[in-house]
Amino acid sequence: MNQTSLHRLLASSDLDKPEKADLKKLFDLRLSTNLPLIEDLFLSLYPESTFQNAFPSLLKLLPELFNKRPAYLQIQDLKRLKYNNWYQSEKMLGMQLYVDNFNKDLKGLKTKIPYFENLGVNLLHIMPVTTRPKAENDGGYAVNSYTEVDPRYGSKADLLNLTEKLRSKEMFLMMDFVVNHTSDEFPWAKKAAAGDKKYQDYYYTYEDRKIPDEFEISLPEVFPQTSPGNFTFNAQMQKWVMTVFNDYQWDLNYRNPMVFMEMLANLIELANLGTDIVRFDALAFLWKKMGTDSQNLPEAHNLIALFRMCLQVVAPGVVLLAEAIVSPEEIIKYFGEDAKRGNECEIAYNATLMALLWNSIATKKTHLLYKNLLNIPEKPLEGTWINYVRCHDDIGLGFEDRYIYEVGWDAFAHRKFLLDYYSQKLDWSPAMGQIFMYNPKNGDGRITGSCASLLGLEKGIKQNDKALIQMAIDKILMLHAIILSYGGIPMIYAGDEIGTLNDYSYLQNKNIKDDSRWANRPKHDWKTVSELEKISAPSSQIFHSLKQLVKIRKTTAVFADSNNIVLHNTENPHLFIYERTGKTKNGILVICNFDENIQLTAVSQISSLGYSSGKNLKDIILDRTMNLKSDFLELKPYQVLWLRKI
Ligand code: GLC
């Protein structure tokens, strides 16, 4: 049993009247329930023999942190416990956005709540709004503070106003916790640079290149073009500091228990602003070990579970999202394995699905998608995915080579094809994307560009090619129909709902011109939004069809995630078929055509899956009873069917 279920059980008599509950008593109960796990995890990382006073300090800290949690959030925590795993509901729909690009600042964002309601969005992921260095700051992922709002977005009062408003609307908020690194302007980094040994120990700092050079042998490079290597020399400190991402992002040294405890306090402070889901940024990198790639290490998992178990004691209504864009085998581990099963992160990005959808668009085939997904071990029942088509980052091709070979392709050549397809190296490709962080040493590269531009809308509009435009619209809708029905929280990237194209203005800004991820961080196009009701432009078609899909998702209970997904093999290499299983007649069979031609599937296959053919089958997207005239079911190019028995 995972700890959340235990807490639900133990607090059950208080869940109907949370306002009357003895909140302190429930905290004590949670603490004693999680204590054995917390102790094991803590001592595995910080053994008593080396760190005598560390564990008692943590025990002292936890009640202090609980006392700082506002009472209205303590009560909300209990309500969340009552409503089971709220994040798995079919009612969930997320949107990710940059506050300034969306509508200027936090106040501006608040005025757009009706826009979210109109589309059905009830979860906002706002990108970092905290203080950061003026020049380069990795879109706010170089933090000068974990909870101080950068003036460009408004004030902390504005943020609290927003979270209050969202709560009153029963909407949820996700914010980032940049847990792996701070900026070089963070107070700890400044003290370290000024020579303070205590704070030098908060980071990985070295007198000379001896240890850095040894580390470099096995450490990969995250940003090989703009920030090669993993260490930066700080002239003021006269030391090398570990900087796995950019040279101004200093990696925190979690071998020091003080770092863990101070970061735990920062995490709770972030939760206390009214955050419902905390996105644990770059968490795969949390533990460094010489001779390894320092990613996904067992100690990192223990550390994350430790954060989780402590957060649960203090704020049990808040859940964690793993931002681990790693191989399928590794992603699944962030839900927790063995004793940690269900006790690490509740949510993880389904990067495998995302990357392979792009693979299937380029190849028009689905066998690689099917094989990879089929081989991901089942996640714990309490966990769920964030399913997404695009986000603010690049698209990495992090799926396994062995399956590429199994389908008969050469892995190196295949990845090269994908990069070429998306980065305008092939005349016939409709995609207008760009290449990101190409590493000539190993041929690795990633892809950037907006959903619409990668799917051909930009090229279609440029060439005034109506067929290409229509095909792009159909592809955009198909990919979104998949994330809406796959099982998990669908997260729309702001702008994709109106088919926003690449934004090339970043090329004029010296601080970001080398980071092509900014092509996909456009300003929200409110002019287009104001015309959505009037014209039949691509943006209107996309928005209205998407809104309809969302409406259907929200009224289709079987789309709630209870691990009720079954992937089906198909003879036709262009189709992707899966089922959301339900009781008796309630299941939904999803069939998608990844080809630009009409594709057929045998009615006998659908019948063999229990979805009998003929008049008792309905596509709930078009709200149409299927009228099958032959032994084959026909799918138009890029069509999706959500089939239900009637
Ligand atoms: C995550 C963010 C990315 C950022 C990196 C470093 O991967 O999504 O945008 O560059 O972390 O913080």
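**View 1. Phe280, a buried residue in a predicted model.** Phe280 has a relative accessible area of 0% and is buried (under 20% relative accessible area; exposed is over 50%, partly exposed in between; 1.4 Å probe, protein chains only). The model is predicted, so local features need pLDDT of at least 70 and side-chain atom pairs count only at pLDDT 80 or more, while totals for chains, interfaces and linings use all residues. Residues are numbered from 1 along each chain as its sequence is written, and side-chain values use heavy atoms, with hydrogens and water left out.

**View 2. The aromatic pair of Phe280 and Phe307.** The structure holds 41 aromatic pairs (rings of Phe, Tyr and Trp, the last by its six-membered ring, with centres within 6.5 Å; planes under 30 degrees apart are stacked, over 60 edge-to-face, the rest tilted). One of them joins Phe280 and Phe307 edge-to-face, at 5.4 Å centre to centre and 85 degrees between the planes. Phe280 is in strand β9 (residues 277–280) and Phe307 in helix α13 (residues 298–314), 27 residues apart. Helices (H or I, at least four residues) and strands (E, at least two) are DSSP runs, numbered from the N terminus. Phe307 is also buried, at 0% relative accessibility.

View 3. Trp358 belongs to helix α15 (residues 351–363) and Tyr422 to helix α18 (residues 411–422), so the pair ties together parts 64 residues apart in sequence. Trp358 is buried at 2% relative accessible area, and Tyr422 is buried at 2%.

**View 4. Arginines over rings.** The charged end of Arg415 sits over the ring of Phe399, 5.3 Å from its centre (NZ of Lys or CZ of Arg within 6 Å of the ring centre and within 35 degrees of the ring normal). Arg521 lies over the face of Trp518, 4.5 Å from the ring centre.
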